[in-house]
Amino acid sequence: MSVYLDHAATSHPKPEAVLDAVRAALTEYNANPGRAGHPRALRAGREILEARAALAALMGAKDAMSVVFAFNCTDALNLAVKGALRVGDHVVATQLEHNSVLRPLCGLAARGRITLTLVKPRPDGFVDPDDVEHALTGRTALIACTHASNVTGAIQPVAAIGQVARRRGIRYLIDGAQALGGMPVDVEALGCDLYAFPGHKSLLGPQGTGGLYVRPGVTLFPQREGGTGSASDSMLQPAELPERYEAGTLNLPGIAGLGAGVKHVAPRLSQIMSRERELTGALMEGLADVDGVTLYSPREEAARAGIVAFNVGDLPSAQAADALARRGFDVRGGLHCAPGAHRFLGTLERGAVRASVGHETTFEEVEGFVEAVREMGRE
Ligand SMILES: Cc1ncc(COP(=O)(O)O)c(C=O)c1O
């Protein structure tokens, strides 16, 4: 079997406990949570609540109800962006954002509904909170920033940007796709109003899961309205969380699996983080020693998530990723859905190879990968 180094896209393999939880949901209590009073429906409701509470605890959120389930991080980001903004608002985001932030924002801007400023990172790949503050106008209604770049792994100064947002009274959205489950996240300390996350990356849950933390007191326009199993006599979406943002049948097997993933990760978070840092450190060191390799990720371990981006000579990154796949290593080439980050790196044309480690990656696999890159460079 090939060595999987594409955890930034989605994690693999999932822990046994996740597989068991998905199976149990589908076989033991496959009912619609929050709708009926029979035992299966009640169990389904309890499992959903447990997953919500586990996520809230992991993020430092005081109220489990402030965690809203979504289909993935993109879905959560769409709710955050489109739910927060009104016609005429101005938004400050960064050039490092993933398309799941950029496209909703640029789409609104293209339709003339909002105006948008994208702040450039400093030459070292980190956004300067002062630059964010300087970009604010009297109409700025939202600041959006990625917690860690999905291209380089560079962890952004999200807490310092949070202080700017708090001081200026502006709503603040963090895209935690490459952070939650891989490093400590405390939504209070970060000063954010909205924190979007996928369930299927570092939280080790199944695909089709994700969510949004919504600070108590922050109200968004729902992006999906419909049945919730509550206040069914009303023709309007309930105002309460999480029902305000969760219409329709939830992804019970996915959320049960996600809950198991969170319970697997939470007690091991500091070990996972330090091991992934050491693994990326070994990757960076090994690749730095290969002729013709250009590295794009930060040198300092504590400043990056478990991601290393690089190119080899003049080789287009997609070709390099294919050549590495033939040698038994699953990595991703191309643009990683973040065109601004590639523009900043000067890799908009050929993209970059991204190797990303996970909870089961070994140092032997990292060494083997570096050797495969070396061999490929010699061809
Ligand atoms: C930084 C970032 N934001 C958002 C997303 C979108 O996540 P999802 O695939 O769960 O929608 C990704 C996925 O790779 C990402 O890396």
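Helix axes here are lines fitted to C-alpha atoms over the stretch in contact, and angles run from 0 to 180 degrees between N-to-C directions. The model is predicted.

**View 1. Helices α10 and α12 cross at roughly 120°.** The axes of α10 (residues 317-326) and α12 come within 10 Å. Angles over 145 degrees would count as roughly antiparallel, and 65 to 115 as roughly perpendicular. α10 and α12 are therefore oblique to each other. Their crossing is right-handed. From α10, the contact draws on Ala320, Ala323 and Leu324. From α12 come Phe369, Ala372, Val373 and Met376. By class, this contact has seven nonpolar, no polar and no charged residues.

**View 2. Helix α1 packs on helix α8.** α1 covers residues 16-27 and α8 residues 252-265. The axes lie 8 Å apart, at an angle of about 150°. That makes the pair roughly antiparallel. α1 passes α8 in a right-handed crossing. On the α1 side are Ala17, Val18, Ala21, Val22, Ala25 and Leu26. They meet Leu252, Pro253, Ala256, Gly257, Ala260 and Gly261 in α8. Ten residues of this contact are nonpolar, two are polar and none is charged.

**View 3. Helix α9 and its buried residues.** α9 holds 20 residues, 269-288. At 1.5 Å a residue it should span 28 Å; its end C-alpha atoms are 28 Å apart, which agrees. The buried residues include Leu269, Ile272, Met273, Glu276, Leu279 and Thr280. Gly281, Leu283, Met284, Gly286 and Leu287 are also buried. Among the helices, the buried residues of α9 pack against α2 (39-59), α8 and α12 (363-378). Among the strands, they pack against β9 (293-295), β10 (307-312) and β12 (353-356).

Definitions and conventions: Residues are numbered from 1 along each chain as its sequence is written. This is a predicted model: local features need pLDDT of at least 70, side-chain atom pairs count only at pLDDT 80 or more; totals for chains, interfaces and linings use all residues. Side-chain values use heavy atoms; hydrogens and water are left out. Helices (H or I, at least four residues) and strands (E, at least two) are DSSP runs, numbered from the N terminus. Angles under 35 degrees count as roughly parallel, over 145 as roughly antiparallel, 65 to 115 as roughly perpendicular and the rest as oblique. A crossing is left-handed if the near helix is turned anticlockwise from the far one by less than a right angle, and right-handed if clockwise. Contact means heavy atoms within 4.5 Å. Ala, Val, Leu, Ile, Met, Phe, Trp, Tyr, Cys and Pro count as nonpolar, Asp, Glu, Lys and Arg as charged, and the others, Gly among them, as polar. The expected span of a helix is 1.5 Å times one less than its number of residues. Buried means under 20% relative accessible area, exposed over 50%, partly exposed in between (1.4 Å probe, protein chains only).
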